[in-house]
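Here are my notes for your first read of this model. Please keep the structure open as you go through the points.

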Amino acid sequence: MFSPARSALLRSLQARAARAPVVTPVFRVSLANTTIRLYSTPPAEESGDKPKPKVDQLKMGQKGGGKKSSSTGLFFGFHPFAIFASLTLLGTGYLMIVKPFFEWNDKVQSERKSDKKKQVAQAAYTKEQVDSFPFDKKTVVFVLGGPGSGKGTNSEKLVDDFGFVHLSAGDLLRAEQKREVSQYGELIAHYIREGLIVPHEITIGLLRNAMMDHPECDRFLIDGFPRNLVQAKAFEDTVCKAQKVLYFECPEAVLLERLLNRGKTSGRTDDNIESIKKRFNTYFNDSKPVIDAYDKDGKVITVSCQGSMDDVYKNAQTQVTQLFKDLGQEPKPKAT
């Protein structure tokens, strides 16, 4: 008696099953928090709904509708641990490489400075030696004139004829500039390049030491010094007084021509048109007043540079011969 009812129930269940959507269980993995979730995805075609856009199953379950979410704990796009590790590596590198290098370099530089001071001290005379040297018994003649007037050339000839020791202030400064252990090399180079007067403490110190290098000689030609009145007074106060000033007088146009010609072969850094102009300005502003001051005291011997080199030297020779006669000294020509 249950057959008709059973048949009706089966038909009803079959009809309902035909109308119900088919459920497909799918496992999805969320990469954001690494948990397993279960989703039901009814097929769009069988449910009668409009087809949905395809979604990457690997991105389902993330916030923002499938967009990549920002991870928590980031700092300016970098993980704090990565920043900490980078800073640690930098600090370690500084402590292990950079700092030891700077310490080593400071030590090397300190040792070099110490060695340099020792070499300078060995090259200089002590205060006792300077005080005991008989500067006041030496005959000193300053040789002045414009740059290119022939001071050096004529001084070398006077050395042969009168037994002078020739000390060129410019040559001493250039030699000191090139000396490896010099304390003043860079400073001297700057002053020479700019056509300026080197501080008198340096120049007088070099001249004083050069005179002490020749204790057997009693007469000195000091060429290119003093460059100003301050140098003149400082030298006479700390070393000795000059007997005379040998002044080679020459027109500026002739000086310029000589210097430009000399610059072609001399290799000197101050034999160029810019330095020459600066040297002229220094000479007329600072050095010429020295000549005028000594001239007032009757200590200037003027030698004209007009004429041939032989004529110029003959004039200088005659006047220096008269100087030694006035001093009661013999010429003492250099032995050949």
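1. Start with the fold elements. The protein chain holds twelve helices and seven strands. Keep in mind that this is a predicted model.

2. Next, burial and surface. The protein chain has 336 residues, and 30% of them count as buried. Its accessible surface comes to about 22400 Å². Carbon and sulfur atoms account for 57% of that surface.

3. Now contacts along the chain. Take the contacts between residues at least 6 apart in sequence: 71% of these join residues at least 24 apart.

4. Turn to the largest pocket. How much space lies in it? The answer is about 1100 Å³. The lining is made of 44 residues, and the closest to the pocket's centre are Gly148, Lys151, Arg262, Arg268 and Arg279.

5. Which elements give two or more residues to this lining? They are the strands β3 (139–145) and β4 (165–168), together with the helices α5 (151–162), α6 (169–178), α10 (252–266), α11 (273–296) and α12 (309–327). The most comes from α5, with six residues.

6. The residues of the largest pocket's lining divide into 18 polar, 14 nonpolar and twelve charged.

7. Finally, look at one residue, Val254, in helix α10. Is Val254 buried, partly exposed or exposed? Its relative accessibility is 26%, so Val254 counts as partly exposed; buried would mean under 20%, and exposed over 50%. Val254 and Ser149 are 105 residues apart in sequence, yet their C-alpha atoms are 8.4 Å apart in space.

Note on methods
Residues are numbered from 1 along each chain as its sequence is written. This is a predicted model: local features need pLDDT of at least 70, side-chain atom pairs count only at pLDDT 80 or more; totals for chains, interfaces and linings use all residues. Side-chain values use heavy atoms; hydrogens and water are left out. On a 1 Å grid over the protein atoms alone, a cavity is a set of points where a 1.4 Å probe fits but cannot get out, and a pocket is an open set with protein on both sides within 12 Å along at least five of seven lines; lining residues have an atom within 4 Å of a point. Grid points are joined across faces, edges and corners, and a volume is the space filled by probe spheres set on the points. Helices (H or I, at least four residues) and strands (E, at least two) are DSSP runs, numbered from the N terminus. Ala, Val, Leu, Ile, Met, Phe, Trp, Tyr, Cys and Pro count as nonpolar, Asp, Glu, Lys and Arg as charged, and the others, Gly among them, as polar. Buried means under 20% relative accessible area, exposed over 50%, partly exposed in between (1.4 Å probe, protein chains only). Contact means heavy atoms within 4.5 Å. Accessible areas come from the Shrake-Rupley method with a 1.4 Å probe; for residues, only the protein chains shown count as cover.
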